[in-house]
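This report goes through selected local features of a single model. Please read it alongside the sequence and the coordinates.

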Amino acid sequence: QVQLVESGGGLVQAGGSLRLSCAASGRTVSSYVMAWFRQAPGKEREFVAVIGVMWGGGRTYYADSVKGRFTISRDNAKNTVYLQMNSLKPEDTAVYYCAADDSITTATMFLGPKYAYWGQGTQVTVSS
């Protein structure tokens with residue numbers, strides 16, 4: 001089993017930055033695809049960013065809405081994944097969730113239900 005704990009959320013003004021962290025325990029997640037999703041009030045959960053395993057090139061993919069503003073990275077030595085969020089907008093307000101899976105494919109890495117492990121989420125609020 002993998003346990004994921006997100007941190008780093010908070011209240012920030014539009015244009016500001018936050019860095020979210022997702023600390024994994026229970027297993028080493030270097031062989032896991034790691035992703036961030038978010039869910040705003042009254043909306044469905046949506047994909048934000050994903051990072052592959054390092055020996056696969058550690059490729060990253062982003063939702064169009066965050067491309068150029070958010071950066072996902074991983075530190076396998078710390079068993080942690082990060083989401084650096086810059087130029088935040090009020091529409092980025094949501095609960096952000098970290099997800100992990102070791103059998104995800106390129107075709108399914110954008111799909112939340114395909115991930116076996118989830119964190120409890122961290123609230124990000126961007127004021128205008």
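At 14% relative accessibility, Asn79 counts as buried (buried is under 20% relative accessible area, exposed over 50%, partly exposed in between, with a 1.4 Å probe and protein chains only). Asn79 sits in the loop between strand E7 (70-75) and E8; strands (E, at least two residues) and helices (H or I, at least four) are DSSP runs, numbered from the N terminus. The phi angle of Asn79 is near 55 degrees, a positive value in a residue other than glycine.

Ser87, which is not a glycine either, has a positive phi of about 50 degrees. This residue belongs to the loop between E8 and E9. Ser87 counts as partly exposed because its relative accessibility is 40%.

## Basis of the values

The model is predicted, so local features need pLDDT of at least 70 and side-chain atom pairs count only at pLDDT 80 or more, while totals for chains, interfaces and linings use all residues. Residues are numbered from 1 along each chain as its sequence is written, and side-chain values use heavy atoms, with hydrogens and water left out.

## The disulfide

The structure holds one disulfide, a disulfide being a pair of cysteine sulfur atoms within 2.5 Å. Its partners are Cys22 and Cys98, with sulfur atoms 2.1 Å apart. The link of Cys22 and Cys98 is left-handed, with -80 degrees about the S-S bond. Cys22 lies in strand E3 (residues 18-25) and Cys98 in strand E9, so the pair ties together parts that are 76 residues apart in sequence. Both Cys22 and Cys98 are buried.

Ala35 is part of strand E4 (residues 33-39). With a relative accessible area of 0%, Ala35 is buried. Apart from neighbours within four places in sequence, Ala35 is in contact (heavy atoms within 4.5 Å) with Ala49, Val50, Ile72, Tyr97, Cys98, Ala99 and Tyr115. One of these contacts, Cys98, is also a partner in the disulfide. The C-alpha atoms of Ala35 and Leu83 are separated by 9.3 Å, and the two residues are 48 residues apart along the chain.

Ala49 is found in strand E5 and counts as buried at 0% relative accessibility. Not counting residues up to four places away in sequence, Ala49 touches Met34, Ala35, Trp36, Tyr61, Tyr62, Ile72 and Leu83. Between the C-alpha atoms of Ala49 and Lys114, 65 residues apart along the chain, the separation is 14 Å.

## Asp92 in the E8-E9 loop

Asp92 is placed in the loop between strand E8 (80-85) and strand E9 (94-101). At 1% relative accessibility, this residue counts as buried. Leaving out residues up to four places away in sequence, Asp92 touches Arg38, Arg69, Phe70, Ser87, Val124 and Val126. Among these, Ser87 is the residue with a positive phi of about 50 degrees.

## Aromatic pairs

Rings of Phe, Tyr and Trp (its six-membered ring) pair if their centres lie within 6.5 Å; planes under 30 degrees apart count as stacked, over 60 as edge-to-face and the rest as tilted. By this rule the count comes to seven aromatic pairs. In the pair of Phe37 and Trp118, the ring centres are 5.2 Å apart and the planes are at 55 degrees, so the pair is tilted. Phe37 lies in strand E4 and Trp118 in strand E10 (residues 117-118), so this pair ties together parts that are 81 residues apart in sequence. Phe37 is buried, with a relative accessible area of 1%, whereas Trp118 counts as partly exposed at 24% relative accessibility.

The rings of Phe47 and Phe110 have centres 5.0 Å apart and planes at 90 degrees, so the pair is edge-to-face. It links distant parts of the chain, with Phe47 in strand E5 (residues 46-51) and Phe110 in the loop between E9 and E10, 63 residues apart. Phe47 counts as buried at 13% relative accessibility, and Phe110 as partly exposed at 35%. Ring pairs link Phe37, Phe47, Tyr61, Phe110, Tyr115 and Trp118 into a cluster.
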